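Hi,

Here's the structure I promised to pass on. Have a look at it first, then read on for what turned up in it.

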Amino acid sequence: MKALTFAAGFLTATAAVAQQETLTVYAPDYFVSEWGPGPRIEELFEARCDCDLQFLPGDVLPRILLEGDRTEADVVIGLNTDVTQQARESGLFAPHRVDLAPLTLPIDWTDDVFLPFNYSHTAFVYATTRLNDAPDSFDALLNAPDDLRIVIQDPRSSISGLAMALWVHAIYGDEAQAAWEQLAPKIVTVTRGWSESYGLFTDGEADMVLSYTTSPAYHIIAEDDTTKKAAIFPEGHYFMVELAAKLAGTDQPELAQDFMDFILSEDFQSMIATGNWSFPAALPRDQWPEGFQQLDMPETVLFYSEEEAAALRDEAIEAWRQGLSR
Amino acid sequence: MLQLDGVEIGMGTEQLRADLSLHPGARVAVLGPSGAGKSTLLDIIAGFRVPDRGHVSWDGIDLTDALPQGRPVSILFQDGNLFPHLTLARNLGLALRPDGRRPDAASRARIEAALDRVGLHGLGDRRPGTLSGGQMGRTALARVLLQDRPVLLLDEPFAALGPALKTEMLALVGDVAAELGALTLLVTHDPADARRFAESVVLVAEGVAHPPAETDRLLDDPPPALRAYLG
Amino acid sequence: MAARPVALTAAPTTARIATLSAAGILAALTLGPIAAVLWRAGGLGAVTPADLDALRFTLVQAALSAGFSCALAVPVARALARRRFVGRGALVALMGAPFILPVIVAVMGLIALFGQAGLVNGALSALGLPKIDIYGLHGVVVAHVFFNLPLAVRILLQGWLDLPAERFRLAASLRLTPWAIFSQLEWPLLRRLMPGAFAVFFVICLTSFAVALTLGGGPRATTVELAIYQAMRFEFDLSHAATLALIQLALALVAGWVALRLSRGAGLGTGLDRLPLRWDGQGPAARLTDSAWIAVAGAFLLVPLALVVARGVPGLVLLGADTWRAAGHSLGVALASTVLCLAWALPLARPRGALLSLAAIAISPLVLGTGLFVILRPFVNPFTLALPVTALVNALMALPFALRIITPAAESTRADYARLAATLRLTRGAWLRLVLLPRLRRPLGFAAGLTAALAMGDLGVIALFADPQRATLPLQVYRLMGSYQMEAAAGASLLLLILSFGLFVLFDRGGRVRASA
């Protein structure tokens with residue numbers, strides 16, 4: 001399908017672009033693959049805007065910060081709260097001017113610049129076929145025998161790895177380093193990003209992988225496989241939300257605003273669950289796809305605000321580093 | 001006239017001095033013990049080495065700092081005189097077209113004629129690897145014919161050939177040199193070569209390249225340095 | 001010996017200009033981006049204690065990896081030189097494959113062999129033995145040896161090939177003892193070749209990133225390159241990143257300089273199938289050890305490859321149009337990189353060019369990408385340059401290897417024919433077209449194959465330049481993995497392996513067709 005869009009895009013590019021306005025959206029790399037949410041977002045939005053939505057994939061934040069006010073982006077999508085402070089301080093972003101009432105997040109959200117579009121929580125995912133008695137709490141995980149093998153991501157190179165460092169900090173506070181020390185013998189390895197970890201898990205290298213509460217939904221819906229579970233811990237799970245924002249210097253202010261409004265629309269929200277394998281940010285649970293409604297949800301949600309996350313980051317990473325270096 | 005005025009050059013710990021002049025068209029043997037500087041003398045004339053002091057000139061024109069490709073000199077080395085991956089015709093063609101383009105009809109005729117002249121009729125499409133040592137020497141001489149330069153230097157190119165073949169080749173060198181009217185310097189360590197080929201001899205020994213002396217007179221009554229070498 | 005050497009190539013000034021501009025572009029492309037990043041950052045940053053830990057680990061793993069690669073190459077190369085068996089040439093050719101293997105593919109193969117669920121541990125637990133753990137410093141070293149051992153073996157085999165066969169015949173006819181053969185024939189060669197090889201491996205391992213991260217097992221295995229990645233992408237601390245990049249570059253240049261001082265003529269040879277023959281070591285003990293070495297090294301190098309193939313086959317049918325298009329882009333990039341790299345390598349194929357080019361593999365690709373971005377952004381839209389920049393960066397990264405292959409042959413061609421060319425008054429063009437290029441056919445083919453394969457597999461993609469519609473194949477592998485498509489990713493990895501190896505063989509063979517004496 002994406003192939004056809006591309007081919008058509010090439011053929012009509014010269015003719016159509018002359019009349020059509022283009023909205024340029026910076027997005028993370030996985031967004032634009034044929035399996036990512038990008039193609040469906042593009043299709044839905046272009047159906048309602050009579051414009052050309054163009055995703056430019058890559059490192060969203062470093063790129064924007066390098067480009068400053070010369071950026072070509074009108075909108076960015078796929079940022080995470082744990083790194084938005086620098087983005088906000090750059091002054092490059094404008095208020096989203098979207099009514100936040102429809103949000104269905106498990107936390108209060110009042111940010112007037114960064115608009116959530118989907119969320120999930122950090123969680124350890126396992127296969128019931130390979131692990132009979134998965135730990136039922138974080139403490140149980142720490143105290144599990146050392147032959148339980150888990151794989152996690154590096155908090156210095158991966159957003160989910162950073163979320164886990166904050167997760168451990170949120171639960172154990174000053175004891176975070178000790179918690180990491182207890183966890184250390186069970187950690188098979190630490191990978192650069194989520195993809196490598198998940199690949200090791202599906203290859204059977206690890207019993208549990210640091211991933212998201214929503215990961216089992218992929219296996220349920222796409223593979224009809226109900227044996228993958230996220231272990232739910234009573235201590236709580238760290239909240240991860242993905243955000244979009246509008247550039248202050250956009251030369252397509254109206255289109256950009258339309259896109260921001262589109263994000264909380266039902267079209268977008270009912271697609272994003274299976275588009276990005278995450279919980280929709282503004283859709284009641286009973287309207288989620290079937291597979292998502294089956295998922296175990298954490299009762300306690302842990303979350304650090306942008307300022308707290310920025311202030312705690314170095315400490316949380318250092319606890320991880322020291323704890324795993326012993 | 002080829003002139004070396006007060007030329008001095010360091011060769012490792014040794015020195016070589018040369019103060020001599022050679023006439024156009026002359027056939028000269030360069031004789032002396034190994035390591036004395038025979039090849040160095042040729043290198044200075046060909047421009048591969050620049051003397052520390054002194055001047056080299058041809059017909060009154062100073063060549064001391066001229067690049068090898070700017071000198072009126074053709075040279076045959078001990079080996080590696082032909083490009084092994086090119087046919088004989090291509091190897092010879094380079095003498096006529098240094099830009100490497102394919103020779104035109106007239107040039108091709110000249111190349112054929114040169115090969116005929118050295119007795120390699122019809123071998124233009126062969127590559128050097130398929131030739132005998134003598135045939136390779138002949139090819140190189142055919143190219144000297146085409147280069148047509150007034151000075152010809154031979155740095156023992158036939159040292160690896162048997163006695164009969166060497167004699168044959170020296171005769172051919174003599175013919176080529178006569179045809180071109182070129183001043184020819186032949187480096188050799190065999191006095192018989194000198195007698196057969198050269199009217200005069202430059203003796204290189206004990207750090208000096210001596211002015212040319214008539215071959216027979218020199219060899220019949222050798223000075224002490226030469227006598228030590230001849231034994 | 002020559003008091004005043006004379007430049008001998010046909011038109012010395014043009015040649016000099018070509019060499020100097022190639023060197024100038026190389027220096028500009030390595031130092032320019034760092035300078036641009038520094039300028040954008042406004043100065044150098046401080047070095048933290050964590051950086052020092054990373055530096056220490058980087059040096060230790062690089063030294064161990066290079067050391068083991070060199071040490072293990074000796075018995076393996078000796079065994080291959082002494083034993084004659086059916087398929088020996090093919091085995092040596094296949095054993096060269098890991099070096100041109102894309103890192104992500106290779107790591108998957110190694111984990112499939114040594115991982116928790118891998119073949120080795122499967123066999124161990126079937127025997128009731130404790131499992132081995134691949135993750136940690138030793139895992140990093142194992143992976144680096146996997147990559148570099150083939151190259152080290154090649155360097156040695158080539159070294160023996162260059163020794164006159166008469167020496168081994170003489171040794172055999174004198175019935176020299178193994179110790180005498182080692183001290184009289186092998187040791188002088190090792191002393192000549194190994195320092196240079198060690199330095200090259202050391203520099204390659206210095207910038208290791210994905211290997212150290214996946215197999216390192218945790219923060220103890222932090223390399224300088226990972227610290228750069230963190231500073232660049234996560235903290236957006238450009239001055240910190242540039243500082244680390246300069247440290248890395250300095251280390252590489254020191255290593256390269258030492259290697260250049262210590263070694264002479266450690267060429268990579270010009271082909272895979274010419275093998276030296278030795279007549280020593282025909283006793284039963286020597287036969288047994290040799291066979292064991294060949295079996296172990298062969299298994300170590302080939303089983304991971306086989307596993308990549310086995311795991312990838314089911315995924316091949318899952319490959320979508322995106323992946324095939326990405327494969328097309330990667331092929332284009334690989335060919336462009338090859339042309340660029342060879343055009344660059346020819347004028348630089350001189351002894352000092354090798355040192356300069358070491359800077360190219362020592363510079364952090366991340367810093368390189370960011371610097372180019374800072375430089376180019378004011379003039380062009382970087383998205384439109386994604387593939388050209390990728391091709392350029394890959395050419396740069398392959399340059400040191402291309403130079404090591406081409407330089408010895410280029411030097412000997414100059415030594416053999418420059419004087420003749422001068423007396424023939426050959427023009428620069430004729431020299432290049434009629435002499436240098438034909439004489440370098442085999443090494444050029446080998447270098448082109450290596451460059452194409454490296455450019456095919458290397459994720460030299462700078463995320464800053466990513467192009468939405470023109471992904472390369474390695475990037476596509478990551479995208480598939482990032483979207484839960486693990487099986488398709490395995491298929492795409494296999495496709496990558498096939499294309500890399502295919503390009504290599506194609507060029508390498510091409511260099512030999514009609515390559516006459």
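First, a term you'll need: two residues count as in contact if their C-beta atoms, placed from the backbone, lie within 7 Å. Also keep in mind that this is a predicted model.

With that cut-off, 44 residues of chain A are in contact with 43 residues of chain C. On the chain A side, the elements giving two or more residues include helix 1 (2-19), strand 2 (52-57) and helix 13 (306-325) of chain A. If you sort that side of chain A by class, you get 17 nonpolar, 12 polar and 15 charged residues.

Chain C also touches chain B, with 26 residues from chain C and 28 residues from chain B taking part. On the chain C side, helix 16 (386-423) and helix 17 (428-439) of chain C are the elements that give two or more residues. Helix 17 of chain C has the largest share, 7 residues. By class, this side of chain C has 16 nonpolar, 4 polar and 6 charged residues.

So which chains share the most contacts? Of the 2 pairs of chains in contact, it's chains A and C. Chain A and chain B have no contact joining them, and their closest C-alpha atoms lie 45 Å apart.

Now for chain C by itself. Chain C has 20 helices and 0 strands. Buried residues make up 57% of its 517 residues. Looking at contacts in chain C between residues at least 6 apart in sequence, 88% join residues at least 24 apart.

Chain C is divided into two parts: domain 1 (12-41 + 317-517) and domain 2 (44-316). Notice that domain 1 is written as two stretches of sequence, 12-41 and 317-517. The centres of the two domains of chain C, taken over C-alpha atoms, are separated by 22 Å. Where they meet, 47 residues come from domain 1 of chain C and 42 residues from domain 2 of chain C. Several helices of chain C supply at least two residues each to the domain 1 side, including helix 1 (12-41), helix 16 and helix 18 (441-457). The largest share of that side, 13 residues, comes from helix 20 of chain C. By class, the domain 1 side has 34 nonpolar, 6 polar and 7 charged residues.

Next, the core. The largest nonpolar core has 350 residues, and those with the most contacts inside it are C:Val203, C:Ile228, C:Ala345, C:Ala402 and C:Ile406. Helix 16 of chain C gives the most to this core, with 22 residues.

Leaving out residues up to four places away in sequence, C:Ile228 touches C:Ala241, C:Leu244, C:Ala245, C:Ser364, C:Leu366 and C:Val367. The other one, C:Leu403, lies in helix 16 of chain C.

Is C:Leu403 buried or exposed? The cut-off for buried is 20 or more other C-beta atoms within 10 Å. C:Leu403 is buried because 28 other C-beta atoms lie within 10 Å. C:Leu403 and C:Ile228 are 175 residues apart in sequence, and 28 Å apart in space from C-alpha to C-alpha.

Cheers

Terms used. Residues numbered from 1 in each chain as written. Chains lettered and ligands numbered in written order. Predicted model: local features only at pLDDT ≥ 70, side-chain atom pairs only at ≥ 80, totals over all residues. Helix = DSSP H or I, 4+ residues; strand = E, 2+ residues; numbered from the N terminus. Nonpolar A, V, L, I, M, F, W, Y, C, P; charged D, E, K, R; others polar. Buried ≥ 20, exposed ≤ 12 C-beta atoms within 10 Å, placed from the backbone. Core = buried A, V, L, I, M, F, W, Y, C linked by C-beta atoms within 7 Å. Domains from an automatic or database assignment.
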